[in-house]
Amino acid sequence: MKKTPEFTLVLSLTIIPFAIMADTNVTIDDSHNTRKFTPNTENNTQYLIDLGWDSHYISEGRNNLPKGGIMWSSVAIQHNNLNVYARLGSADSLHYNEWNLGLQYTFALTENLETTLGYQRLEFYGDQRCNDNELFGLLTYSAIEWLTPSINYTYSTEASGYFVEASLHSSWELINGFTLTPYLTQAFDFQYVTEEHNGRNHFQLGIETEYLFNHNITLSGHISRTFAQQDITLEANIEKPESGLDQTFAGIHFTWIF
């Protein structure tokens with residue numbers, strides 16, 4: 001989710017990007033990263049339905065809601081390498097809703113280097129109404145089976161700025177169908193969240209879990225911790241937030257692919 005100063009909901013509520021599921025093989029904090037579809041050799045078109053809940057609405061290292069968590073409902077259609085998605089987020093304790101509508105295209109640059117390019121429209125409904133357009137790109141390197149580095153880039157037309165996240169994920173299948181993935185992310189803000197400051201935004205680490213019931217149904221979850229860095233602390237000196245700057249949050253998702 002991308003944050004903008006003019007969008008408030010008791011505390012500052014800011015704009016983010018998003019696609020379907022952020023908790024896959026890329027960083028949880030990446031809002032426009034769709035869950036990977038499972039390989040399907042029978043046809044070129046697949047469909048996804050996802051329901052989830054996060055204990056807090058955290059993005060760009062900030063808590064976007066003054067209390068409670070947020071529920072997510074997502075649908076996606078993938079044909080070959082093109083993915084079209086829609087996602088609805090609804091706060092569980094406040095009046096706040098947002099829509100994320102977008103498309104993304106994934107292709108291989110080399111045998112182990114994959115990139116995703118996309119666009120999404122964001123619509124926000126809270127105490128105030130606002131919207132944004134975002135262009136994003138993801139680069140993932142998969143030569144090492146147990147360690148996946150990735151870089152995610154997001155540009156906001158509303159803020160005329162960009163946000164960069166460099167991540168490492170390490171996936172381990174502990175038992176058949178159950179995968180544990182520790183991860184860490186370093187994020188940088190360049191006039192995406194704040195206009196006054198550029199540079200290190202936050203550091204994030206956590207653990208993602210995934211259990212594959214069968215070829216089509218997956219239960220996944222995560223617990224994550226963010227640590228505020230320069231951009232957040234400088235912003236806090238101005239805004240004087242009531243709560244701490246570091247954030248701990250968790251989430252769970254049920255995904256059906258057919």
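**Figure 1. Contacts of Glu123 in the predicted model.** Leaving aside neighbours within four places in sequence, Glu123 is in contact with Asn97, Glu98, Trp99, Arg129, Cys130 and Asn131. The view is taken from a predicted model. Glu123 belongs to strand β9, which spans residues 113-125.

**Figure 2. Burial and polar contacts of the Glu123 side chain.** The relative accessible area of Glu123 is 12%, so this residue counts as buried, the cut-off being under 20%. Two arginine side chains form polar contacts with the side chain of Glu123: that of Arg121, at 2.7 Å, and that of Arg129, at 2.5 Å.

Figure 3. Phe227 lies in strand β16, formed by residues 217-228. Its relative accessibility is 31%, and Phe227 is therefore classed as partly exposed. Beyond the neighbours within four places in sequence, Phe227 is in contact with His202, Phe203, Leu205 and Asp246. One of these residues, Asp246, is 19 residues away from Phe227 in sequence, while the C-alpha atoms of the two are 4.8 Å apart.

**Figure 4. The protein chain as the setting of the close-up views.** The protein chain contains one helix and 17 strands. Of its 258 residues, 49% are buried. Among contacts between residues at least 6 apart in sequence, 53% join residues at least 24 apart. The chain exposes about 11900 Å², of which carbon and sulfur atoms supply 60%.

Notes:
Residues numbered from 1 in each chain as written. Predicted model: local features only at pLDDT ≥ 70, side-chain atom pairs only at ≥ 80, totals over all residues. Heavy atoms only, no water. Helix = DSSP H or I, 4+ residues; strand = E, 2+ residues; numbered from the N terminus. Buried < 20%, exposed > 50% of the residue type's maximum accessible area, 1.4 Å probe, protein only. Polar contact = N/O pair within 3.5 Å; in protein donor to acceptor, adjacent residues only side chain to side chain. Contact = heavy atoms within 4.5 Å. Areas by Shrake-Rupley, 256 points an atom, 1.4 Å probe, with all protein chains shown as cover.
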